Amino acid sequence: MSAPPRRWLDDPVESGSRAGHGLYLHVPFCSHRCGYCDFATVAVGRAPDPEPFARYVEALATDLARQVASAARTGRALPALTSVFVGGGTPSLLPPVLLTRLIAAVRDECDLAPDAEWTVEANPESADAAFMEALVAGGVDRLSLGAQSFTPSVLTTLERGHDVAAIERAVLAARRAGIARVSVDLIHGAPGERTEDWIDTLRTVAALAVDHVSAYALGIHAGTPFGRAVAAGTMPAPDDDVARERFELARERLGAAGFEHYELSNWARGPALRSQHNVLYWRHGDYLGVGVGAHAHRDGHRWWTTRSIERYLEAVEAGGSGWPDARDAAGPNRVLAGEERLSDDERATERLLLGLRLADGLHPADAPPIDPIALEDAMAAGLVETACGRLRATNEGWFLLDEAVARLTP
């Protein structure tokens, strides 16, 4: 029996190797760790000591240089980057001189495509004029602002450190500094949030001079304060019906304001203003991850780093790096926390789970082989559809994506 066709892996049109190549750098510091957060972060207070920041940025720069060198040495040299994303945590907590150092390290070590997108995350209360000026001077062209809500009571519930006015000031500061694109992140479904609160948030964000909106349902994660409160019964669990209502309101209100709903949780004022870095993820592309808790992917090979800041720093300072075959002076690679190589079947499932999040769906050459009966079953259930050969999730399928993929990959 001949092997199953692999064009969707070996010769895709817009997914996989054709999706571009990204770089993610993680800055784990926050003034306060919000109760819902399960990212690799550490709270440093309102007036942090800058010394740990400087030590960490130097470790990032060193790790990046070693990973780039290791990739070239092992015959897997990095292509020109199509996107760079500095996330966290709260990158805007970094003093401008350290942010400039980090940007310079990327430019020194990596080739960037001429139209590469460069995003840095920020919280409104720390996104001041000096921060914006450092971004512009370094060539950063996109700001991702963690607003979460425009309702004061919801901001309090989410334990955010800013008020509504700070969000508006940050957007204005970005525009004045010359940031080309501004995105705002929102969370819906917080305890106590009313429908009218969400409508007011949508109305307010639509009136701001922003190009992109990400709107996610509140997730509850075990081990977080919110997760423990839900488990103890002192906080209500998110309601799926409420999440569906909030989603439909976002589609309606943001669509009416001129935003294109291009991905399950993301809207942009036209195709050119989509998040290139996130589209790369959804297109099953490759990316390098540098820093605490960072993930990387290359041709079905995934690896991720330790979530311990001290372990990361000590390992990098001992000669290690986040590249899979790296070792440090102490022996094994203590930067890495794990890695895995996906089978073709696992990659097929992942290609569908990621690609069907996009409104455009999957190009016919990029979709893995699907049994015709399985496809018919998923279509009959109203979970997927085809248009011009592209496989797409329906609105109902977006809410039942796991079921849709399970039907397509029996």
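Predicted model: local features only at pLDDT ≥ 70, side-chain atom pairs only at ≥ 80, totals over all residues.

Residues are numbered from 1 along each chain as its sequence is written, and side-chain values use heavy atoms, with hydrogens and water left out.

Let me start with helix α2. Helices (H or I, at least four residues) and strands (E, at least two) are DSSP runs, numbered from the N terminus. Helix α2 covers residues 50-73, and its 24 residues should span 34 Å at 1.5 Å a residue; the end C-alpha atoms are 35 Å apart, which agrees. The expected span here is 1.5 Å times one less than the number of residues.

I call a residue buried under 20% relative accessible area, exposed over 50%, and partly exposed in between (1.4 Å probe, protein chains only). The buried residues of α2 include Phe53, Tyr56, Ala59, Leu60, Asp63, Leu64, Gln67 and Ala71. An α-helix has 3.6 residues a turn, so residues three or four places apart point the same way. What do the buried residues of α2 pack against? Their partners are the strands β1 (21-27), β2 (29-30), β11 (286-290) and β13 (301-305), together with the helices α3 (96-109) and α11 (309-317).

That brings me to the cores. A nonpolar core is a set of buried Ala, Val, Leu, Ile, Met, Phe, Trp, Tyr and Cys residues joined through side-chain atoms within 4.5 Å. The largest has 76 residues, and Leu23, Leu186 and Tyr312 touch the most other members. Helix α2 gives the most to this core, with eight residues. Apart from it lies another core, of 16 residues, among them Leu356, Leu362, Leu391 and Ala393.

Contact means heavy atoms within 4.5 Å. Leaving aside neighbours within four places in sequence, Tyr312 is in contact with residues including Tyr56, Ala59, Leu60 and Asp63, and also with Val290, Val292 and Val335.

I turn next to the backbone. Gly88 and Gly89 are joined by a cis peptide bond, with omega about 15°; Gly89 is found in the loop between β4 (81-88) and α3. Asp299, although not a glycine, has a positive phi of about 50°. This residue lies in the loop between β12 (295-298) and β13, and Asp299 is partly exposed at 48% relative accessible area. Cys388 is not a glycine either, yet has a positive phi of about 55°. Cys388 is found in the loop between β15 (384-387) and β16 (390-393) and counts as exposed at 83% relative accessibility.

Now the aromatic rings. Rings of Phe, Tyr and Trp (its six-membered ring) pair if their centres lie within 6.5 Å; planes under 30 degrees apart count as stacked, over 60 as edge-to-face and the rest as tilted. By this rule the count comes to ten aromatic pairs. In one of them, the rings of Tyr262 and Trp282 have centres 6.3 Å apart and planes at 65°, so the pair is edge-to-face. Tyr262 lies in strand β9 (residues 260-263) and Trp282 in helix α10 (residues 276-282), so the pair ties together parts that are 20 residues apart in sequence. Both Tyr262 and Trp282 are buried. The rings of Tyr281 and Tyr287, with centres 4.6 Å apart and planes at 70°, also form an edge-to-face pair. Here Tyr281 is partly exposed, at 24% relative accessible area, whereas Tyr287 counts as buried at 12%. Finally, ring pairs link Phe29, Phe53, Tyr56 and Tyr312 into a cluster.

I close with two single residues. Ala174, in helix α6 (residues 164-177), counts as buried at 0% relative accessibility. Ala174 and Met132 are 42 residues apart in sequence and 6.0 Å apart in space, C-alpha to C-alpha. Asp108 lies in helix α3 and is exposed, with a relative accessible area of 61%. Between Asp108 and Ser17 there are 91 residues in sequence separation and 24 Å in space, C-alpha to C-alpha.
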